[in-house]
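Here is a briefing on a ligand and the pocket around it. Look at the sequence and structure first.

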Amino acid sequence: MSQEHLLTLARWMAGDFSNREQAFREPAFFSQIRVCHRPLPYTCLNAIAFYVEQAYDVFLDDPYRMRVIALVPRPEDIYVINYNMTDPSKFRGACREPERLKSLRSEDLIPLDGCSMILKPVGGGFRGQVEPGKACKVFRKGKDSYLISAVEFREGMFFSLDRGYDPATDQQIWGSLGGPFEFYRRVDFSSEVPMTL
Ligand code: CYC
């Protein structure tokens with residue numbers, strides 16, 4: 001994948017996103033959620049990488065999912081490695097206080113096996129899904145599940161659909177019942193994406 005594709009995707013991902021319009025339009029199906037992708041220094045993982053937080057808009061300071069993702073260009077696609085943190089509380093809220101992220105080290109991270117996303121440029125955007133194999137294990141609502149995730153990034157917005165399925169029956173256990181989330185960028189962090197050209 002060209003450097004240009006990689007940088008375009010990274011700049012589109014960089015920002016603070018909200019699905020406010022969708023939540024107002026279809027409150028029965030969509031809570032109002034914020035997804036924040038804050039660029040990390042290139043040296044942190046020797047890759048273009050982001051610190052990620054997802055939070056209910058009303059509990060912005062108490063995100064329910066904190067991760068780090070790294071964008072790895074491969075010949076045919078962009079491979080997005082997802083990491084959990086050894087101590088998530090250490091960085092809670094740091095998406096909007098980026099000074100704190102300077103102390104983030106690769107030792108703080110645990111790769112989530114089977115949970116990488118595979119993205120390709122299509123029709124003016126980037127579309128992708130979790131790597132095949134039903135290998136991304138998520139323990140949620142007291143049950144084991146595997147993740148099926150699809151995502152599409154465009155300039156200024158992205159769609160995402162994360163759902164968990166029962167490994168034995170392939171029935172959906174958690175995630176959206178109303179189709180993809182539609183996130184629009186509220187704050188643009190693209191100027192913080194490191195130049196690697
Ligand atoms: C989990 N969401 C995940 C996981 C991945 C993604 C890979 C499994 C690994 C993990 O536990 O973190 C999705 N990762 C992505 C996407 C990209 C990426 C899209 C971009 C390339 O790098 N997700 C949403 C909704 C919300 C949601 C707003 C409502 C359903 O987009 C929730 N995602 C959600 C939850 C989990 C998850 C609850 C399971 C996390 C857990 O409970 O431990």
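This is a predicted model: local features need pLDDT of at least 70, side-chain atom pairs count only at pLDDT 80 or more; totals for chains, interfaces and linings use all residues.

Residues are numbered from 1 along each chain as its sequence is written, and side-chain values use heavy atoms, without hydrogens or water.

- The largest pocket holds about 1,200 Å³ of space.
- Its lining counts 44 residues, with Q54, Y64, R65, D162 and W174 closest to the centre.
- A pocket is an open set of points on a 1 Å grid over the protein atoms alone, where a 1.4 Å probe fits, with protein on both sides within 12 Å along at least five of seven lines; lining residues have an atom within 4 Å of a point.
- The ligand sits in this largest pocket (more than half of its atoms lie within 2 Å of the grid points).

**Ligand shell**
- The ligand is surrounded by 23 residues, and R65, R67, N82, S160 and D162 are the closest (a heavy atom within 4 Å counts as near).
- β10 (143–154) is among the strands that supply at least two shell residues each.
- β10 gives the largest share, four residues (strands are DSSP runs of E, at least two residues).

- A polar side-chain atom of R65 lies 2.7 Å from a ligand oxygen atom.
- Ligand nitrogen atoms lie 2.9 Å from a polar side-chain atom of N82 and 2.7 Å from one of D162.
- A polar contact is a pair of N or O atoms within 3.5 Å.

Key: Grid points are joined across faces, edges and corners, and a volume is the space filled by probe spheres set on the points. A polar contact is a pair of N or O atoms within 3.5 Å; within protein, one must be able to donate a hydrogen and the other to accept it, and residues adjacent in sequence count only if both atoms are side-chain atoms.
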